[in-house]
Amino acid sequence: MGSSTLKDLTSRGLVYAPGVWDGLTARLAEQAGFNALCASGFAVSAALGLPDAELYTMTENLQAVRTIRESSALPLVADIDTGYGNAVNAARTATRFVSAGVGGMFMEDQVAPKSCPICVGEPVDLITSEEATGKIRAVRDSIPDDVLLIARTDARGDDALRRAQAYVEAGADMIMPVTKTFDTVAQWERCHNEVGVPLMATLTASTWTEREFTPEVLDRIGVRLALLPTQVLMAVAGAARETLRRLASGEAPAEVSADALAHHEFVELIGFPGVEAMQRKYLPAQRSR
């Protein structure tokens, strides 16, 4: 089991957290050497065959988080979207995710149902700053102090700065500007200087933050938690699509399998040796036939 909380890790320096959505991706990320995970709402939604538009329910998101936690003890940050309702709903949502074992959560200030800002052309609709701060206060009052509360804002420019300051005053431990909130590294640095708390950044695939936010830049602008929310998802989807295309076109399964993970490697990855060891230890010896 992991010994450090997400709050502990981020207090010591920059932490990268890849986006995972189930037990397999959680296990792969842990074995790759990451020390934290993100239950990516974009990926959880995609795993259900849905766009990231808050079409899934709180319980579906919560079940994904529980599955991830059962497969990995790494500190986990969860995407709780808009909190699934008003301040009272958001408080209940937060307590449920804490009970599932998350070490942090981020909540946004969009009008529900939300939309992924990098997937829609028009600016998204936001709730008022007063309503958003009420939701943040309700969540902060409902969760333990050692659980990170990260306030996401989809506002832009000076409005984003005003909201970020209000969210910190309401109890947010970190501020999460989205990819479209600011246009330059200097604007991110200004945000950090004015709000006085660390920032969380999303290095979403094919966005300017993914390209420009090197470890040195992230450290300079006050980012302590950097999410990689879509890289694994895009890689898995691309590999699966190509494999299915080859199989559907009539290519021999043996040829397709030659380019994939070997069966014995997957058996070890997924934990069969551990199950077999428990069977030998606890199950009655099989009678010889």
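In which sense, parallel or antiparallel, do strand 1 and strand 8 pair, and over how many bridges? Strand 1 (residues 15-20) pairs with strand 8 in the parallel sense, over four bridges, where two strands are taken to pair if DSSP finds at least two bridges between them. Helices (H or I, at least four residues) and strands (E, at least two) are DSSP runs, numbered from the N terminus. The model is a predicted one, in which local features need pLDDT of at least 70 and side-chain atom pairs count only at pLDDT 80 or more, whereas totals for chains, interfaces and linings use all residues. Residues are numbered from 1 along each chain as its sequence is written, and side-chain values use heavy atoms, with hydrogens and water left out.

Strand 8 comprises residues 223-228 and is mostly covered, five of its six residues being buried, that is, under 20% relative accessible area with a 1.4 Å probe and protein chains only.

Just after helix 11, Gly 250 adopts a positive phi of about 100°.

Two cavities of 30 Å³ or more are present in the structure, a cavity being a set of points, on a 1 Å grid over the protein atoms alone, where a 1.4 Å probe fits but cannot get out, and its lining residues having an atom within 4 Å of a point. Grid points are joined across faces, edges and corners, and a volume is the space filled by probe spheres set on the points. The largest cavity has a volume of about 230 Å³. Among the 20 residues that line the largest cavity, Arg 152, Met 176, Thr 202, Thr 204 and Pro 229 are the closest to its centre.

The second largest cavity holds about 40 Å³ of space, and its lining includes Met 107, Glu 108, Lys 135, Arg 152 and Tyr 167. Strand 4 (104-108), helix 6 (129-140) and strand 5 (148-153) each supply at least two residues of this lining, with helix 6 giving the most, three residues.

Note on methods: Buried means under 20% relative accessible area, exposed over 50%, partly exposed in between (1.4 Å probe, protein chains only). On a 1 Å grid over the protein atoms alone, a cavity is a set of points where a 1.4 Å probe fits but cannot get out, and a pocket is an open set with protein on both sides within 12 Å along at least five of seven lines; lining residues have an atom within 4 Å of a point.
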